[in-house]
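User: I would like to go through this model feature by feature, with each answer ending on the value or name I ask for.

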Amino acid sequence: MAQADDAWNRLRLQGEAAALAPLLAEDRLLIHFDGRVQHKADVLQALATRPRRTPRIDNEDVRIRRYGDTAVATGTSVQAAVSDGQPWQGRLRVTRVWELRDGRWQRVASHSSRRAPTGPRKSAPGLVRTARPAARPSSAAAAPRNGCSPAMATARAKH
């Protein structure tokens, strides 16, 4: 499965829609970081017409877990692209789901989320703001109970 995942990135860099087609299940679904959804035909069409060119895809901290004929790859994808003439780059947290079908691995689903920038954040030109730790409840009464808010815990206790 790791070979199929690597092939996906290599072929995407080359814009090889026809070579990528067998790696995608017919019912494949991609959910982008901005909520857009793409199906197999959408992905292949975009690669064939090349409105987006991706000269860089680097994967980091990839972890693959296999569950029988299904495998889940998670990690960080560092990408640079030009989409409709506009340059773009980013670090994405990705989840890719592969399934072994008829003796070959096919991607059935994937999702990406933008990673928060690391280090100091600029809040305005010339000003740098550092991340602060999350506030902690001041008392046990304000702390969530069983993973829910105090109001929800009270409502659950009544039922």
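User: Into how many nonpolar, polar and charged residues does the lining of the largest pocket divide?

Analyst: This is a predicted model, in which local features need pLDDT of at least 70 and side-chain atom pairs count only at pLDDT 80 or more, while totals for chains, interfaces and linings use all residues. Residues are numbered from 1 along each chain as its sequence is written, and side-chain values use heavy atoms, with hydrogens and water left out. Ala, Val, Leu, Ile, Met, Phe, Trp, Tyr, Cys and Pro count as nonpolar, Asp, Glu, Lys and Arg as charged, and the others, Gly among them, as polar. By that division the lining of the largest pocket holds 12 nonpolar, 11 polar and 10 charged residues.

User: Which lining residues are the closest to the centre of the largest pocket?

Analyst: On a 1 Å grid over the protein atoms alone, a pocket is an open set of points where a 1.4 Å probe fits, with protein on both sides within 12 Å along at least five of seven lines, and lining residues have an atom within 4 Å of a point. The space in the largest pocket is about 640 Å³. Of its 33 lining residues, the closest to the centre are R12, L30, H32, Q38 and R52.

User: Which residue in β6 is the bridge partner of L29?

Analyst: Strands are DSSP runs of E with at least two residues, helices are runs of H or I with at least four, and both are numbered from the N terminus; two strands pair if DSSP finds at least two bridges between them. β1 and β6 run parallel and are joined by 4 bridges. Within β6, the partner of L29 is A109.

User: Which residue takes a positive phi in the hairpin of β5 and β6?

Analyst: These two strands run antiparallel and are joined by 10 bridges, and R96 stands opposite S110 in β6. The hairpin has 2 residues between the strands, and the positive phi, near 50°, belongs to D102.

Key: Grid points are joined across faces, edges and corners, and a volume is the space filled by probe spheres set on the points.
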